[in-house]
Amino acid sequence: MKYLHLIWAALFRSKTRTLLTLLSVVAAFLLFGMLDSVRVAFNSSANVDGYDRLITTSKLSITQSLPYSLTSQIETVPGVAKAAYATWFGGIYQDQRNFFPNFAIGPGYIEMYPEYVLPPDQLEAFKSTRTGAIVGEALAKQYGWKLGDTIPLQATIFPTKGSNDWTFKLVGIFKVADKKRQGEERTLMFNWKYFDEANDYIKGEVHWFVIDLVDANQATRVARAIDALSENSDHETKTDTEQAFNQAFFKQFADIGLIVTAIMSAVFFTLLLLTGNTMAQAVRERIPELAVLKTIGFSNRSVLLLVLFEAVLLIVIGGAIGLGIAAVLMPAVSSASGGVVQLGTVATPTWLLGLGLMVAIGIVVGTLPALRAMRLNIVDALAGR
Amino acid sequence: MNRIRKWLSHLGVVLALAAGLAAWAVMPWYAVLAVALLLGLWLTLTRQGRLAVAAAQIGIATLPQRWGASAVIVVGIAGVVAVLVAMLAMGEGFRSTLTRTGNDETAIVLRGGSQSETNSVITRDQVPLVSNLAGIARGQDGRPLASPELSQVVNMVTKADGTDANAQMRGVGPTAWELRPQIKVFEGRRFQSGMRELVVGEGAKRQYVGLDVGNKVELANQVWTVVGTFSSGDSHDSELWADSETVANTYRRTAFQSVTVRLDGKDGFDRLKAALAADPRLKLDVDTTRHYYSRQSETLTRFIEILGMVIGTIMGIGAVFGALNTMYAAVAGRAREVATMRAMGFRGLPVVVAVMLETMLLALVGGLLGGAVAWLIFNGYTVSTLSSNFSQVMFQFKVSPELLWNGLKWALGIGLVGGLFPALRAARLPVTEALRAA
């Protein structure tokens with residue numbers, strides 16, 4: 001630590017070079033911060049840690065519907081605390097591009113999600129209003145909806161009385177406390193009973209069940225028992241934990257992890273070369289100075305560490321600035337997009353991974369120049385040979 | 001006063017650079033060619049130009065001595081170009097796969113407002129009404145070329161990691177093959193109507209377990225036999241085809257989802273649209289398949305493009321700083337040479353041009369390298385994503401010449417920015433000080 005000012009002075013010996021290198025490092029880690037946060041956001045949209053729910057869908061495919069009468073059968077399975085159901089509606093608000101999930105939910109569904117915070121009076125209003133709908137706060141903000149508003153949706157699957165126009169009355173706005181899951185606030189839910197009565201096509205059919213467990217450790221056994229209920233019937237089911245269900249679904253969009261890894265390998269490879277070059281230059285220029293340091297008694301090891309720390313410091317400063325910018329930028333992007341893009345700030349795992357990378361890259365690029373500095377022969381170096 | 005003037009001149013350079021970059025970004029290839037030609041003429045025909053070439057030769061000849069630093073420019077720019085081209089090739093591949101699926105000779109009829117097949121319902125009694133509308137071409141036997149179709153999402157196990165994925169099963173009418181001549185069964189045969197037989201696209205066969213010809217697969221508790229493999233070169237390649245009546249029976253579907261028809265002549269679409277609108281029993285939408293499928297690719301393609309641009313820009317900024325760093329070092333290392341040249345009577349312009357030429361050369365190499373890497377690794381690379389029909393669409397990255405050209409333009413743009421400031425510094429070096437230094 002006592003040599004910090006020495007390292008600092010060495011770092012800013014050539015201001016232009018350090019500044020330019022620093023800015024490259026900033027750009028690299030800005031990109032890393034943003035991409036890795038996207039990856040984390042994508043993965044954690046599947047992450048419902050701490051809530052042990054099962055999801056039951058049709059075994060045939062996710063778009064196939066199931067009879068809602070299964071609910072009471074599922075509830076008799078030992079280990080099941082509660083079961084609720086929902087039907088995908090797939091309505092459009094004003095324009096096709098304004099996509100957000102909307103579905104009809106049966107009794108007890110919203111209570112299964114304690115992480116969705118809905119004031120009790122609004123929950124009561126939802127239960128007692130036939131055409132009532134609840135939305136997440138982000139969605140309400142995006143379209144400027146207030147309690148009591150009428151929300152028109154264009155049906156894409158289920159017409160009502162020969163027309164595609166459905167209207168719902170907004171009676172509740174829920175919040176999701178967990179920052180990482182705030183994307184779920186872009187959801188509209190309405191009463192299944194209203195849907196069932198008013199749609200022209202299907203009666204008594206649902207797309208998925210949510211099941212609350214008595215004991216989370218029993219998940220596998222209960223899931224099997226539920227699927228056994230409908231075995232060899234014309235509506236076989238597939239039950240998974242909510243976590244596994246979400247993961248399988250999101251993975252079908254794209255392998256985000258792979259894309260992020262590929263891009264970041266290209267970026268960091270370039271960065272290695274760039275900072276490595278800078279450090280090599282910095283040491284080459286300073287050979288006489290390093291020789292003087294050695295002459296006045298700095299040990300080989302100290303010289304090695306001095307150069308190594310210089311490299312690490314350079315990258316940690318740049319990387320921290322880059323991640324910092326990413327942390328500021330992403331909420332700004334999220335709010336500018338009106339909630340369409342839900343990127344929280346840079347998450348702790350990203351910071352930690354970033355810090356690890358910074359130190360690792362610093363050590364890698366610093367090693368060769370540091371070894372060179374360590375092995376300097378004082379006489380030759382001073383003589384400029 | 002002097003400082004203000006210096007500051008203003010810097011500002012002027014930055015503004016000119018921004019304007020130049022903007023012009024460069026929108027410049028079509030023939031304008032680029034014209035600029036390159038003019039530059040070539042200037043370099044060979046004028047005295048200043050020849051001086052610039054001579055100065056540049058010195059710089060280029062010493063490049064091997066500074067290969068580490070030069071590699072920073074080349075690799076930095078190659079990285080930007082490779083990532084940018086690969087991202088755009090992904091968007092381009094998705095777009096062209098879906099766009100190719102449609103054409104202007106066929107049209108798709110869906111329920112009004114349904115946007116995609118999954119959401120659409122066409123009842124059985126509507127099918128003959130639709131088929132007999134004006135504007136639909138007829139086959140040799142005089143029957144209308146219309147195929148009522150069902151799209152069913154089925155769970156299939158992927159070969160890659162054994163997880164379930166949503167595959168698209170399409171139940172088609174007997175005229176479907178005639179409607180889509182691009183589909184060629186290259187292995188086995190077509191399915192027979194009434195039988196539980198599947199013909200699978202080659203993409204689906206590659207992605208899912210157990211779709212080889214002769215295999216039996218279980219779908220909806222029924223055993224189906226795979227009797228053939230087809231290739232179409234478009235999004236149908238990801239599908240499993242079967243007889244629509246059999247699919248309807250198996251999945252207890254009482255209605256169809258879409259009717260695909262061949263249009264009769266150029267005005268067929270307009271006539272069909274008018275006829276459809278005139279029939280009050282049919283609340284249906286009709287769209288050419290070209291328009292229908294390209295609309296499905298729009299959102300994702302645009303998203304990928306924007307993402308590619310943002311990533312490319314950030315990486316590009318990083319690469320600019322790397323190039324600046326290298327070129328400043330190069331100029332500083334050659335301060336004496338440059339000053340000598342200036343003392344001998346070289347003017348500012350040839351010095352600027354020489355440094356720029358050197359940077360642009362490195363940028364060009366980087367751009368070519370990045371494009372080559374993107375092309376070698378990613379051209380034809382197959383990935384899949386979830387389409388608007390809730391099912392997997394496989395598509396290939398498509399590294400087109402246009403994208404490579406775009407990548408080169410980015411590379412040269414980065415070289416321009418990275419070379420200009422060091423070049424200006426070289427030209428402004430105070431001769432006496434530089435000669436005395438070192």
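1. In this predicted model, the buried residues of helix H7 of chain A pack against several elements of that chain: strands S1 (53–58), S3 (80–88), S11 (208–213) and S12 (237–241), together with helix H3 (70–76).

2. Helix H7(A) spans residues 219–229, and its buried residues are A:Ala219, A:Val222, A:Ala223 and A:Ile226. These residues lie on the same side of H7(A), because the arc that they cover around the axis is only 100 degrees.

3. Turning to chain B, the domain assignment divides it into domain 1, made up of 18–99 and 298–431, and domain 2, which covers 113–282. Between the C-alpha centres of domain 1 and domain 2 of chain B the distance is 47 Å. Ten residues from domain 1 of chain B and 15 residues from domain 2 of chain B take part in the contact.

4. On the side of domain 1 of chain B that touches domain 2 of chain B, the elements giving two or more residues are helix H4 (67–101) and strand S12 (392–396) of chain B. Strand S12(B) gives the most to this side, with three residues.

5. As to composition, the residues on the side of domain 1 of chain B that touches domain 2 of chain B comprise six polar and four nonpolar residues, with no charged ones.

How values were computed. Residues numbered from 1 in each chain as written. Chains lettered and ligands numbered in written order. Predicted model: local features only at pLDDT ≥ 70, side-chain atom pairs only at ≥ 80, totals over all residues. Buried ≥ 20, exposed ≤ 12 C-beta atoms within 10 Å, placed from the backbone. Helix = DSSP H or I, 4+ residues; strand = E, 2+ residues; numbered from the N terminus. Arc of directions from axis to C-beta. Contact = placed C-beta atoms within 7 Å. Domains from an automatic or database assignment. Nonpolar A, V, L, I, M, F, W, Y, C, P; charged D, E, K, R; others polar.
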